[in-house]
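Please keep the structure in view while reading.

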Amino acid sequence: MEYEYREILLLTGLEEITKKELQRFKYFVMDEFKISRSQLEETTNRTELADLLIQSAGPALAVTKTIHLFQKLNYMHAAKCLQEQKKKVESQSMTNRKKKETQQVEKRSQAESCSGASATSRGESSKKNSAPEVHPQAKPQKQQTVAEQEAIREGLQKDPLAVLVLKTTNPFKCETEEDIFHVTVATATAFFFVKVLYAPFKDKFTPRRTIKISNYLWHFNFLEVTSSSIVVDADTDLKVCVPNNLRQKAGRTPTIKMLKTQPCGTIVNGIFKVQKITEKQKDRVLYGVEDKTGEMDVLVLGNQDKIKCETGDKLRLVFFEVSEDGEKTQLKSGPYSFFKVIKSPKPKTEQKEKFTLKSTHLNNTSLKDSNTAS
DNA sequence: GGCGCGCGCGCC
DNA sequence: GGCGCGCGCGCC
């Protein structure tokens, strides 16, 4: 429980806000948490700040106070997200407790269908991967209850998970100045995005290799590997077979229509076509993107003076998350997101067209050019 | 029975 | 990895 609070405070709470917002937040922290300025100034990153808040108020109260401050500062989205996660943690611990009680009465509890397809497949995968050869202490004979599966899913996982590496990004410096990279891995039944906060692991995450990961963190919808995780090559006889359709699904850009049905916080990787640049400020840019199924906004936070993007270009997004802007679903960058503009190639045919247009309809063309330039 | 949606597959 | 086709399922 304490761990979950720590986790949501850091992941949903403090990382949901921008650097600037964090500075303002810190200012109000002194009062709300009764923390001295000098103590506060000693914290150099969000993790240390989260620890300090928890030290001062205890995990549950730290989350409540943070929500309160977010509301006060009008960070309504962050406040809402944190509140939701807090409720989730609370109701989860309630159901876990209830499940344990009923379990004793009714031993033969069938694992009912979990909510959401990915959740189901995750449940299956954790069952598959708790096969005797991977961690012998598991009891495969007994079917796991939903509560037990949940317990496996959230938080620190010590037992090794065997996965096939599908795809990796190159290491890059994220907003918190750490060198990190992202990976897509799969088991026989599900694929997962992995945030690796320790660049030296890059050698281990080689595509097409089967590896075993332990001491990693299970978040709501992704894995987190840190320097204290263990990543090793799987034994040569252990091969994770990933069906082709799953591989394709793992690499495919989700449709906008589908994304609009996903809950806040869902991690998204993909390539999206820019339809318009809605809003451009010093520390944030709002892009309108489209595909066959619809349109949505992509909010990229942070300084983007150097980013040159125009209508028709594509955005490669890694580790963005589904978020809400009022009623509308949008994608939003987080501190660990990767963002790149793929310039649309100026096709020769277009140049040819321009040439023919110029030679035939000079007046029209000059008009057209001035339109596109503005 | 028709239609639409979602998924899988194969080609580029 | 995108795109387009085709199949199958479910709803009306």
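## Contacts with DNA strand C

An N or O atom in the side chain of Lys167 is 2.7 Å from a phosphate oxygen of DNA strand C, a pair that falls under the definition of a polar contact (N or O atoms within 3.5 Å; within protein, one must be able to donate a hydrogen and the other to accept it, and residues adjacent in sequence count only if both atoms are side-chain atoms). This is a predicted model, in which local features need pLDDT of at least 70 and side-chain atom pairs count only at pLDDT 80 or more, while totals for chains, interfaces and linings use all residues. Residues are numbered from 1 along each chain as its sequence is written, chains are lettered from A and ligands numbered from 1 in the order in which they are written, and side-chain values use heavy atoms, with hydrogens and water left out.

Around DNA strand C stand Lys167, Gly251, Arg252 and Thr253, where a residue is near a strand if one of its heavy atoms lies within 4 Å of it. Gly251 places a backbone N or O atom 2.7 Å from a phosphate oxygen of DNA strand C, whereas for Arg252 a polar side-chain atom lies 2.7 Å from a base nitrogen of DNA strand C.

## Contacts with DNA strand B

The residues around DNA strand B are Asn245, Gln248, Arg252 and Lys257. Sugar or phosphate supplies 45% of the atoms of DNA strand B within 4 Å of the protein, and bases supply the rest. A polar side-chain atom of Arg252 lies 2.7 Å from a base nitrogen of DNA strand B, and a polar side-chain atom of Asn245 lies 3.4 Å from a phosphate oxygen of DNA strand B.

## Chain A and Thr329

Chain A has 12 helices and 15 strands, taken as DSSP runs numbered from the N terminus (helices H or I, at least four residues; strands E, at least two). Of its 374 residues, 44% are buried, that is, under 20% relative accessible area with a 1.4 Å probe and protein chains only.

Thr329 belongs to strand 14, which covers residues 328-332. Thr329 counts as buried because its relative accessibility is 16%. Leaving aside neighbours within four places in sequence, Thr329 is in contact (heavy atoms within 4.5 Å) with Leu259, Lys260, Met296, Asp297, Val322 and Ser323.

Terms used: Buried means under 20% relative accessible area, exposed over 50%, partly exposed in between (1.4 Å probe, protein chains only).
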